[in-house]
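Biologist: Before we look at the packing, could you take me through the aromatic pairs and the cores, and give the cut-off behind each term?

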Protein chains: 2
Amino acid sequence: MARDPNCVFCKIVAGEIPAKKVYEDDLVVAFHDINPRTPVHILIVPKEHIVSANDATEAHRDALGQLFIAARQVAESTGVAKTGYRLLVNNGPHAGQEVMHLHMHLFGGQPLGPMVMPR
Amino acid sequence: MARDPNCVFCKIVAGEIPAKKVYEDDLVVAFHDINPRTPVHILIVPKEHIVSANDATEAHRDALGQLFIAARQVAESTGVAKTGYRLLVNNGPHAGQEVMHLHMHLFGGQPLGPMVMPR
């Protein structure tokens, strides 16, 4: 499994940096964002180091599909499955991607407003 | 493959409603949003009728992973792969999900601002 020794999410996957994990399986791990923007704000990441969706190939299909299965379980365990939640993945500069390891944000616990800010 | 005869996205998948398709394979289809919020605004949907991430199971893993592989190809073909893009899936009331067939928005072509509106 590809790994980047300087990547903060690879270090969380390996247990070298602490995180408040809420879900884990063979393919993905989910943990609380350290700077939550909503009452529920979880990050779900593939264990393999995938930089962004620009690198998504058939070899990653299982892990990327598993992000959604993990999201379902995280939504249930955090109590937002029925009220609703937004899943969001930033890729590259215009999206403001900050960590160069693909990660899915799960936002919930309040009405989430428009998808994109009016300009 | 599960289908809902009243679902607008199932009808687009079946070719019964026209859409400006930009990508299609065995598992997913991508087309222009009819009400674009950004210069590039594409919807990527599994061909199977999956209501939301609340219904994501192992049986859907391939199709859900394929959403990301399609997103890469759509980002390349629409010219936003390098400038960046945001992938977003609304699930349920707090997220404002409007069509009850899971769909991934791809936003690009401009800086996309904060992920969640300040309250």
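Modeller: Over all chains, the structure holds three aromatic pairs, where rings of Phe, Tyr and Trp (its six-membered ring) pair if their centres lie within 6.5 Å, and planes under 30 degrees apart count as stacked, over 60 as edge-to-face and the rest as tilted. This is a predicted model, in which local features need pLDDT of at least 70 and side-chain atom pairs count only at pLDDT 80 or more, while totals for chains, interfaces and linings use all residues. Side-chain values use heavy atoms, leaving out hydrogens and water.

Biologist: Why is the pair of Phe9(A) and Phe31(A) called edge-to-face?

Modeller: The ring centres of Phe9(A) and Phe31(A) are 5.6 Å apart and their planes stand at 70 degrees, so the pair is edge-to-face. Both Phe9(A) and Phe31(A) are buried, that is, under 20% relative accessible area, with exposed being over 50% and partly exposed in between (1.4 Å probe, protein chains only).

Biologist: What makes the pair of Phe68(A) and Phe68(B) tilted?

Modeller: For Phe68(A) and Phe68(B), the distance is 6.1 Å centre to centre, with 50 degrees between the planes, and the pair is therefore tilted. Phe68(A) and Phe68(B) are both buried.

Biologist: Which residues have the most contacts inside the largest nonpolar core?

Modeller: That core has 50 residues, and those with the most contacts inside it are Ile44(A), Phe68(A), Leu106(A), Ile44(B), Phe68(B) and Leu106(B); a nonpolar core is a set of buried Ala, Val, Leu, Ile, Met, Phe, Trp, Tyr and Cys residues joined through side-chain atoms within 4.5 Å. A second, separate core of 12 residues includes Val116(A), Leu112(B), Met115(B) and Val116(B).

Terms used
Residues numbered from 1 in each chain as written. Chains lettered and ligands numbered in written order.
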